[in-house]
Amino acid sequence: MLTERQKLILGAIVYQYTQTAHAVGSKKLQEQLNIKVSPATIRNEMAVLEEADLIRKLHTSAGRVPSVAGYRYYLDNLMISRSVSQSDIERLLTSLSGNFHEIDDFLDETAKRLSELTNCTALILKPPYVDLKISSFQLIPLEGRQLIAVLVTNYGKVTSQTFKLPQGLHADSLTNMVAYINAQMVGRPVKEVLTMMNSGELPIQLTREIQSPAAFLQLFGEVLAQSIEEHVHVGGRLNVLELTENRFDDLTKARRLLELLDSPQALRHLARSSGAGISIKVGSEIGEDLLDAYSVLSRHFSIGQQDQGIIILVGPVRMPYAQNALILNIFGQALIQKMLDYV
């Protein structure tokens, strides 16, 4: 159990170190703190904090820096968080205003802006669309024998796939197929249509209507699968490789880390949390060896009855936690309001 003075000193060490990246000594603390005690008294209190493994030395003659346990104590007991106001959200939405035809474009820009404001790597996973439905399907001729298949869903997502016509097959012969898809499949959930594809039900139905080439069915299935595929929206991807205290000399490790940040499944695992609001994990708390020198801040957000989306910040252990948590919270609430436009 820390005394009020020890809490004050620990909070000051965390603040100074996150601001300057320099170890903090007793003289600096005496200048900063509004308490009438000698440097010797402060050193004694620092010795208690060091004994409790809340601060540590960088080298023999240096001051002290927070340990992972010290950061955790600060986050759980000392950090003061400001509430998000509607004006915070409106200012952010105004700065993000643009002609975004697709939700993915908006999320790409949001991740970029979040990274710029925090100097961290920002990652966004939108809520999985359990009720994503087909709005339209088109085939657009390109040069030569190339076509592009375009699938539009009810959330404004556009998925496209280039397709080369097999020899002996003409684009005009696919008109009936496209018309049948738009007549019979529009309004149906993508997952339901995929199930119909995989079970053979849809191929059988198409064969009854027209002579159905296997190449067309394969193309349609690929576009459907892509439309529900999870995608990580990343801002400041290389920030994780540029931390002063964590330079990457091992290219294999760097590649593995970047692959981790591109994996929706891995990120959902990292951001798992039993509570609401902002979750902050420091170093070894994250449970991923590649991120032992980092901190991960995450916030879940939901749109209507959809499953949860996630916003994640990956940055150095030495970061302004209160500031970054506030920014992350503003972005989370702004995302909820903005994404309702796409539902």
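## Briefing: a leucine and its neighbours, then the whole chain

Leaving aside residues up to four places away in sequence, L328 makes contact with L114, I278, L297, S298, R299, I311 and L313. Welcome to this predicted model, which has 13 helices and 10 strands in its chain. With a radius of gyration of 27 Å, well over the 20 Å that the globule rule gives for 343 residues, the chain is more spread out than a compact globule.

- You will find L328 in helix α13, which covers residues 321–339.
- Is L328 buried or exposed? Its relative accessibility is 0%, so L328 counts as buried; the cut-off for that class is under 20%.
- Among the residues that L328 touches are the leucines L114, L297 and L313, and the isoleucines I278 and I311. S298 and R299 belong to the list too.

**The chain as a whole**

- Taken along the principal axes, the box filled by the C-alpha atoms is roughly 90 × 45 × 35 Å.
- Of the 343 residues in the chain, 47% are buried.
- Looking at contacts between residues at least 6 apart in sequence, 62% join residues at least 24 apart.
- For charges, the count is 33 positive and 36 negative side chains. The centres of these two sets lie 6 Å apart.

**Aromatic pairs**

- How many aromatic pairs does a search of the whole structure find? The search finds two.
- In one of these pairs, F137 and F220 have ring centres 5.0 Å apart and planes at 75 degrees, so the pair is edge-to-face; that class calls for planes over 60 degrees apart.
- F137 sits in strand β4 (residues 134–141) and F220 in helix α10 (residues 214–227), so this pair ties together parts that are 83 residues apart in sequence.
- Both F137 and F220 are buried.

**Two residues with positive phi**

- As background, most residues other than glycine have a negative phi.
- A21 is not a glycine, yet its phi is positive, at about 65 degrees. A21 belongs to the loop between α1 (4–20) and α2 (26–32).
- With a relative accessibility of 35%, A21 counts as partly exposed.
- N119, another residue other than glycine, also has a positive phi, near 60 degrees. Its place is the loop between α6 (103–118) and β3 (121–125).
- Which exposure class does N119 fall into? At 59% relative accessibility, N119 counts as exposed, the cut-off being over 50%.

**E192, a helix residue**

- Helix α8, made of residues 190–199, holds E192.
- E192 has a relative accessibility of 35% and so counts as partly exposed.
- E192 and L291 are 99 residues apart along the chain, and 38 Å separates their C-alpha atoms.

Technical notes
Residues are numbered from 1 along each chain as its sequence is written. This is a predicted model: local features need pLDDT of at least 70, side-chain atom pairs count only at pLDDT 80 or more; totals for chains, interfaces and linings use all residues. Side-chain values use heavy atoms; hydrogens and water are left out. Helices (H or I, at least four residues) and strands (E, at least two) are DSSP runs, numbered from the N terminus. The radius of gyration is taken over C-alpha atoms; the globule rule is 2.2 Å times the number of residues to the power 0.38. Buried means under 20% relative accessible area, exposed over 50%, partly exposed in between (1.4 Å probe, protein chains only). Contact means heavy atoms within 4.5 Å. Lys and Arg count as positive and Asp and Glu as negative; His and the chain ends are not counted. The place of a charge is taken as NZ of Lys, CZ of Arg, CG of Asp or CD of Glu. Rings of Phe, Tyr and Trp (its six-membered ring) pair if their centres lie within 6.5 Å; planes under 30 degrees apart count as stacked, over 60 as edge-to-face and the rest as tilted.
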